[in-house]
Amino acid sequence: DDMARNVHLRALEGATEQLTLFRVDLLDKESLVAAFQGCEGVFHTACPVTDDPEKMIEPAVNGTRNVINAAAEVGGIRRVVMTSSIGSVYMDPRRSIDGEADETCWSDLEFCKNTKNWYCYAKTVAEQAAWELAKERKLDLVVINPSLVLGPLLQTAVNASTWHIAKYLDGSVQTYANAAQAYVHVQDVADAHTRAYETPDAHGRYLCAGRTLHRGEVCRILAKFFPEYPVPTRCKEGTREMKKGCRFSSRRIMELGVGITPASQCLYDTVTSLQDKGILPRRHADMS
């Protein structure tokens, strides 16, 4: 089962010489210590994505604490780069809808709880725990906060972010939601992690989010690129006022040298990847 799940990692360039896979459990600190031996850097990217508070909070928070503690114990680790999320940034009822969220913004835990947004709740608690613990253990921590990640898939299974786009093409939904959010290309997120690790004076949090698009705009872009699919043209809520999503500052991430790929390219690359993987059947445009 593990072999099948990791096939795409073993296929990476140079993997045969340079990649060693360890089986670790985020809730078992000793398994992390074993994997970190002899390393100079740690990228903490693992996190469950679910709205079940039981399955979300404990692994996200205690898993993060274990990663920081294990890294501090091993010694010789220069820096830990943690993947957090804009989920720990924008959930704040006091934030002005016309303003731009930046790295100083934090999600409001009570608001997350009251709206039952357990993903944002867990991401916020986990990131706050990471900063406190890193300070306590004198560990150099840098955090990347990506928005919804799109682009080509390495693995064959469809993750939550990609399903978000696939459903607009495969006929499974007839309308789009009255909602807006920011998207970012997976290659920009990877670049952000590399630069956060390699740039000596990188510090603090880095928002990694492209332009904020309403779902209607997402569907219009998809329909333009891929007219052969039944992309929805109607909003679920009729013609009510279009909701505005949170906009995010990209000043710091650009100072790190990371470019932000346009949203239309993110969408295009996601769909062509779904086609290449056989997840989305190719269709021929109706010529009539």
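Strand β7 (residues 180-185) and β9 run antiparallel and are joined by three bridges. This is a predicted model, in which local features need pLDDT of at least 70, side-chain atom pairs count only at pLDDT 80 or more, and totals for chains, interfaces and linings use all residues. Residues are numbered from 1 along each chain as its sequence is written, and side-chain values use heavy atoms, with hydrogens and water left out. Helices (H or I, at least four residues) and strands (E, at least two) are DSSP runs, numbered from the N terminus.

**Sheet**
- An open sheet of three strands has the order β5-β7-β9, with mixed pairing; two strands pair if DSSP finds at least two bridges between them.
- β5 (148-150) and β9 (212-214) are the edge strands, each pairing on one side only.
- A180 has H214 in β9 as its bridge partner.

**Aromatic pairs**
- The structure holds seven aromatic pairs (rings of Phe, Tyr and Trp, the last by its six-membered ring, with centres within 6.5 Å; planes under 30 degrees apart count as stacked, over 60 as edge-to-face and the rest as tilted).
- Y90 and F248 form an edge-to-face pair, because their ring centres are 6.2 Å apart and their planes lie at 85°.
- Y90 is in the loop between β2 (79-83) and β3 (100-101), while F248 is in strand β11 (residues 247-248), 158 residues apart.
- Y90 is partly exposed at 27% relative accessibility, whereas F248 is buried at 7% (buried is under 20% relative accessible area, exposed over 50%, partly exposed in between, with a 1.4 Å probe and protein chains only).
- F225, F226, Y229 and Y268 are linked into a cluster by ring pairs.
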